[in-house]
Amino acid sequence: MDKGSVAGLLLVVTAIILGIISGGESLLSYINVPSVSIVLIGTLGAVILSVRPEVFFQAISNIVYAFRRNQLDMTQAIETCVRLADKSRRGGLLALDQESYADPFVKKAMDMLVDGYDVTTVEALLNKEIYLTRERNQQSVKVLMTFSEFAPAMGMIGTLVGLVAMLQNMEDPASIGPKMAVALLTTLYGALIANGITTPLAKKLSARSNEILLYQSLIKDAAIKIVQGEHPKATFNFLQTYVESHKRKSEEEMKQLMTG
């Protein structure tokens with residue numbers, strides 16, 4: 001579980017609730033079914049109209065990844081790649097066929113090396129895989145940003161609907177205040193959805209997409225170094241650039257990894 005995502009969502013909800021309570025109002029006074037219907041159903045319809053249904057439902061299902069911790073360990077990936085580089089140097093590329101790979105991308109890269117693909121083909125195929133993976137991940141980000149675009153607009157539409165209803169009943173001054181409040185609630189709902197929920201979720205999914213991009217780029221570079229026959233030490237030093245300085249392994253640890 002990503003504690004940052006959970007904490008952020010709770011802080012948004014808490015801020016809204018405290019703001020309402022501190023003003024001496026009841027939470028129920030900020031709930032209006034017609035306003036909710038206009039914003040939620042209207043926004044949902046506009047988003048579905050903008051994208052293909054399969055893209056929409058995939059994006060909704062991908063929201064869960066915004067609340068999951070990053071499972072991609074770059075340091076562990078470097079260790080694995082250096083070990084594979086050392087194994088291929090000692091036993092040839094066919095020795096990599098004896099390994100089992102939990103990550104499909106790593107397996108695909110190593111299978112190409114075992115099958116004897118040349119470096120140009122390996123690089124081209126892995127670049128294509130990385131590009132398409134990123135495109136698929138960015139689709140979810142774009143869907144959530146579409147929510148952020150349409151929710152405030154639907155909120156404004158709801159406000160205009162409420163204002164029209166208010167102006168049609170100007171003969172009753174006592175009803176103007178409540179009707180104006182209801183009209184403004186739709187703007188509030190639209191702004192809250194866009195700025196408190198969908199935009200932050202889109203940014204978190206974009207960050208997850210960047211993490212996957214970095215991880216897959218590391219695996220690609222390692223595969224290229226292996227097929228080029230680079231010394232494991234050179235591969236190790238090259239891959240170290242993918243992690244922060246304080247997380248990098250020493251050459252002694254690298255030697256222990258290869259001898260182990």
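**Exercise 1. Identify the buried residues of helix 3 and decide how they are arranged around its axis.**

Solution. In this predicted model, helix 3 covers residues 53-62, and its buried residues are Val 55, Phe 56, Ala 59 and Asn 62. The next step is to look down the axis of helix 3, where these buried residues fall within an arc of 130°, so they line one face of the helix.

Asn 62, which belongs to helix 3, can then be examined on its own. Its relative accessible area is 14%, and because buried means under 20%, Asn 62 is placed in the buried class. Once neighbours within four places in sequence are set aside, Asn 62 is in contact with Ser 140 and Leu 205.

**Exercise 2. Repeat the analysis of buried residues for helix 8.**

Solution. Helix 8 runs over residues 232-239, and Pro 232, Thr 235, Phe 236 and Leu 239 are its buried residues. Seen down the axis of helix 8, the buried residues fall within an arc of 100°, so they too line one face of their helix.

**Exercise 3. Describe the secondary structure of the chain, and determine how its radius of gyration stands against the globule rule.**

Solution. The chain has 9 helices and 0 strands, and along the sequence this reads as the pattern α-α-α-α-α-α-α-α-α. For 260 residues the globule rule gives 18 Å, whereas the radius of gyration of the chain is 27 Å, well over that value, so the chain is more spread out than a compact globule. The box filled by the C-alpha atoms, taken along the principal axes, is roughly 90 × 40 × 25 Å.

Two further values complete the description of the chain. Of its 260 residues, 36% count as buried, and among the contacts with a separation of 6 or more, 76% are accounted for by residues 24 or more positions apart.

**Exercise 4. Characterise the largest pocket by its volume, its lining and the elements that contribute to the lining.**

Solution. The volume of the largest pocket is about 640 Å³. Its lining is made up of 23 residues, and those nearest the centre are Tyr 65, Leu 72, Asn 137, Arg 208 and Ile 212. Two or more lining residues are given by each of helix 3, helix 5 (104-114), helix 6 (119-167) and helix 7 (176-227). Helix 7 provides the largest share, 7 residues. Sorted by class, the lining of the largest pocket holds 7 nonpolar, 9 polar and 7 charged residues.

**Exercise 5. Characterise the second largest pocket in the same way, ending with the classes of its lining residues.**

Solution. The second largest pocket has a volume of about 520 Å³. Among the 23 residues that line this pocket, Leu 40, Tyr 189, Leu 192, Ile 193 and Ile 197 are the closest to its centre. The elements that give two or more residues to the lining are helix 1 (3-22), helix 2 (33-50), helix 6 and helix 7, and helix 7 gives the most, with 7 residues. The division by class is 21 nonpolar, 2 polar and no charged residues, to be set beside the 7 nonpolar, 9 polar and 7 charged residues in the lining of the largest pocket.

**Exercise 6. Classify Lys 220, Lys 87 and Gln 168 as buried, partly exposed or exposed, and place each residue in the chain.**

Solution. Lys 220 lies in helix 7 and has a relative accessible area of 13%, so it is buried. Not counting residues up to four places away in sequence, Lys 220 touches Phe 105, Leu 126, Asn 127 and Ile 130.

Lys 87 is found in helix 4, which spans residues 74-91, and at 24% relative accessibility it counts as partly exposed. Apart from neighbours within four places in sequence, the contacts of Lys 87 are with Gly 92, Ala 95, Gln 98 and Glu 99. The C-alpha atoms of Lys 87 and Ile 226 are separated by 9.8 Å, while the residues are 139 residues apart along the chain.

Gln 168 sits in the loop between helix 6 and helix 7; its relative accessibility is 60%, and since exposed means over 50%, Gln 168 counts as exposed.

Conventions
Residues numbered from 1 in each chain as written. Predicted model: local features only at pLDDT ≥ 70, side-chain atom pairs only at ≥ 80, totals over all residues. Heavy atoms only, no water. Buried < 20%, exposed > 50% of the residue type's maximum accessible area, 1.4 Å probe, protein only. Helix = DSSP H or I, 4+ residues; strand = E, 2+ residues; numbered from the N terminus. Arc of directions from axis to C-beta. 1 Å grid on protein atoms, 1.4 Å probe; cavity = no way out; pocket = protein on both sides within 12 Å on 5 of 7 lines; lining within 4 Å. Points joined across faces, edges and corners; volume = space filled by probe spheres on them. Nonpolar A, V, L, I, M, F, W, Y, C, P; charged D, E, K, R; others polar. Contact = heavy atoms within 4.5 Å. Rg over C-alpha atoms; globule rule 2.2 N^0.38 Å.
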